[in-house]
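This briefing covers selected features of one protein chain.

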Amino acid sequence: MKAGRETADFAFDVLHIGMDMDFHHPRGRDLKLAAEVVDAFEHAREHAEIFVQNSSGTAFSADELLDWFLLQSQTTIADHLPPATLEKAEETGGSDVFVTFPIRFQPDAFHMRTEDGPQDLSAIKLMARVTIRRKSQ
């Protein structure tokens with residue numbers, strides 16, 4: 001089971017659709033990713049290991065970074081859904097919703113390869129489609 005991917009009544013499936021990032025770098029949001037990072041994300045959005053944890057050197061995918069965020073913030077996907085989303089899913093048995101997960105980083109936490117080499121992330125918005133499924137009772 002993945003971190004934060006279910007509640008007592010619902011399970012959540014995540015499909016990553018995009019990201020927007022800012023760096024601890026003078027060009028910040030205007031800094032472009034290295035071509036191989038863009039290519040890896042475009043071809044394997046869920047599994048491309050493009051985020052590197054500085055302390056361990058471990059590469060994370062978007063899905064793993066979302067798990068890390070949910071564990072660090074001690075939240076579930078349900079905590080990040082728009083109001084009334086779960087009520088609607090309760091009525092219909094499930095639904096899809098687009099969600100942006102905003103994650104902030106201290107310097108020296110995670111980096112990505114950019115056109116200026118590896119640069120520390122300041123913030124990232126992971127954009128995803130979340131499918132909400134009512135769990136069988």
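## Briefing

D79 is found in the loop between α2 and α3, the latter spanning 85-92. The model is predicted. The points below start with this loop residue and then turn to other parts of the chain.

**D79 and its surroundings**
- D79 counts as exposed because its relative accessible area is 52%, and the cut-off for exposed is over 50%.
- The side chain of D79 makes a polar contact with the backbone nitrogen of T76, at 2.8 Å.
- G4 lies 75 residues from D79 in sequence, yet the C-alpha atoms of D79 and G4 are 9.2 Å apart in space.

**T85 in helix α3**
- T85 belongs to helix α3.
- With a relative accessible area of 10%, T85 is buried, since the cut-off for buried is under 20%.
- A polar atom of the T85 side chain is 2.6 Å from the backbone oxygen of P82.
- Leaving out residues up to four places away in sequence, T85 is in contact with V97 and I132.

**P107 in the loop between β4 and β5**
- P107 sits in the loop that joins β4 to β5.
- Beyond residues up to four places away in sequence, P107 touches H24 and D120.
- For P107 and D120, the separation is 13 residues along the chain and 6.2 Å between C-alpha atoms.

**Nonpolar core**
- The largest nonpolar core is made up of 37 residues.
- M19, F51, F101, M112, I124, L126 and V130 have the most contacts inside this core.
- At least two core residues come from each of β1 (10-23), α1 (35-43), α2 (62-73), β4 (94-104), β5 (110-114) and β6 (117-134).
- V130, one of the residues with the most contacts inside the core, touches F12, D13, V14, I77, S95, D96, V97, V99 and F101 when neighbours within four places in sequence are set aside.

**Largest pocket**
- β1, β4 and β6 each contribute at least two residues to the lining of the largest pocket.
- Five of the lining residues are nonpolar and five are charged, with no polar residue among them.

Notes: Residues are numbered from 1 along each chain as its sequence is written. This is a predicted model: local features need pLDDT of at least 70, side-chain atom pairs count only at pLDDT 80 or more; totals for chains, interfaces and linings use all residues. Side-chain values use heavy atoms; hydrogens and water are left out. A nonpolar core is a set of buried Ala, Val, Leu, Ile, Met, Phe, Trp, Tyr and Cys residues joined through side-chain atoms within 4.5 Å. Buried means under 20% relative accessible area, exposed over 50%, partly exposed in between (1.4 Å probe, protein chains only). Helices (H or I, at least four residues) and strands (E, at least two) are DSSP runs, numbered from the N terminus. Contact means heavy atoms within 4.5 Å. Ala, Val, Leu, Ile, Met, Phe, Trp, Tyr, Cys and Pro count as nonpolar, Asp, Glu, Lys and Arg as charged, and the others, Gly among them, as polar. A polar contact is a pair of N or O atoms within 3.5 Å; within protein, one must be able to donate a hydrogen and the other to accept it, and residues adjacent in sequence count only if both atoms are side-chain atoms.
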